[in-house]
Amino acid sequence: MITWSIWHSRNIALYQNKKMDPKNVLCKAEAVLNSYTAAEGSPIQEFLVPPTKKGVSWIPPDNHWYNLNVDAPIDISNGITGLGAIIGNFKGDFIAGSATRNLFFATSSLQRLKLS
């Protein structure tokens with residue numbers, strides 16, 4: 001929800017020339033998460049089970065295109081997030097990559113999930 005809210009506010013700034021206060025973006029993300037949780041239950045539960053790698057294979061992009069793979073894990077208990085990205089070409093060659101590790105400041109909704 002937070003990532004979507006950041007992406008959405010970026011698009012509003014880019015295409016409508018309206019900048020949002022980062023605190024408002026985070027509050028909106030929390031409101032969306034609360035709404036979803038009230039309607040559907042905890043969205044975090046589905047992420048607690050590690051995904052299976054069985055049957056996963058790489059499919060190259062079309063000729064002369066690039067593939068971007070990203071991952072963004074969150075360690076709520078230690079207050080750490082990560083972001084990694086890898087770009088590969090249609091031949092499967094590594095083109096570029098990046099990884100960061102940051103401190104994470106949880107909203108009250110995520111704190112409640114942590115305590116559950």
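1. Nonpolar patch, contributing strands. β1 (66–71) and β3 (80–89) each give at least two residues to the nonpolar patch, and the largest share, three residues, comes from β1. The members are Tyr66, Leu68, Val70, Leu83, Ile87 and Ile95, and together they make a surface patch of about 590 Å². Patches here consist of residues with over 30% relative accessible area and no salt bridge; nonpolar side chains (Val, Leu, Ile, Met, Phe, Trp, Tyr) are joined within 5 Å, and like charges within 9 Å. A salt bridge is a side-chain nitrogen of Lys or Arg within 4 Å of a carboxyl oxygen of Asp or Glu. Areas come from the Shrake-Rupley method with a 1.4 Å probe, and for residues only the protein chains shown count as cover. Helices (H or I, at least four residues) and strands (E, at least two) are DSSP runs numbered from the N terminus.

2. Basis of the model. This is a predicted model, in which local features need pLDDT of at least 70 and side-chain atom pairs count only at pLDDT 80 or more, while totals for chains, interfaces and linings use all residues. Residues are numbered from 1 along each chain as its sequence is written, and side-chain values use heavy atoms, with hydrogens and water left out.

3. Confidence. The pLDDT, the predictor's confidence in each residue from 0 to 100, averages 75 over the protein chain, and 72% of the residues score at least 70. Confidence is highest in β1, at a mean of 88, and lowest in α3, at 50.

4. Overall layout. The protein chain holds four helices and four strands. Read from the N terminus, the order is α-α-α-β-β-β-β-α. Of the 116 residues, 16% are buried, where buried means under 20% relative accessible area, exposed over 50%, and partly exposed in between (1.4 Å probe, protein chains only). The chain exposes about 9,400 Å², of which carbon and sulfur atoms supply 60%. With a contact taken as heavy atoms within 4.5 Å, 37% of the contacts between residues at least 6 apart in sequence join residues at least 24 apart.

5. Accessibility of the patch residues. How many of the six residues of β1 are buried? The number is zero, so β1 lies largely in the open. Leu83, a patch member, sits in strand β3. At 47% relative accessibility, Leu83 counts as partly exposed.

6. Pairing of β1 with β3. Two strands pair if DSSP finds at least two bridges between them. β1 and β3 pair in the antiparallel sense over six bridges. Tyr66 stands opposite Asn89 of β3, and Val70 has Ala85 of β3 as its bridge partner. Tyr66 and Val70 both belong to the nonpolar patch.

7. Pairing of β2 with β3. Strand β2 (residues 74–75) runs antiparallel to β3 and is joined to it by two bridges. Asp75 faces Ile80 of β3. Four residues lie between the strands of this hairpin, where Gly79 takes a positive phi near 65 degrees.

8. Pairing of β3 with β4. Strand β4 (residues 94–103) is antiparallel to β3, with nine bridges joining the two. Gly88 has Phe94 of β4 as its bridge partner, and Gly82 stands opposite Arg101 of β4. The hairpin of β3 and β4 has four residues between its strands, and Gly92 takes a positive phi near 90 degrees there.

9. Positive phi outside glycine. Asn17 is not a glycine, but has a positive phi of about 55 degrees. Asn17 is placed in the loop between α1 (2–16) and α2 (22–40), and is exposed, with a relative accessible area of 64%. His64, also not a glycine, has a positive phi of about 65 degrees. His64 lies in the loop between α3 (45–48) and β1, and counts as exposed at 65% relative accessibility.
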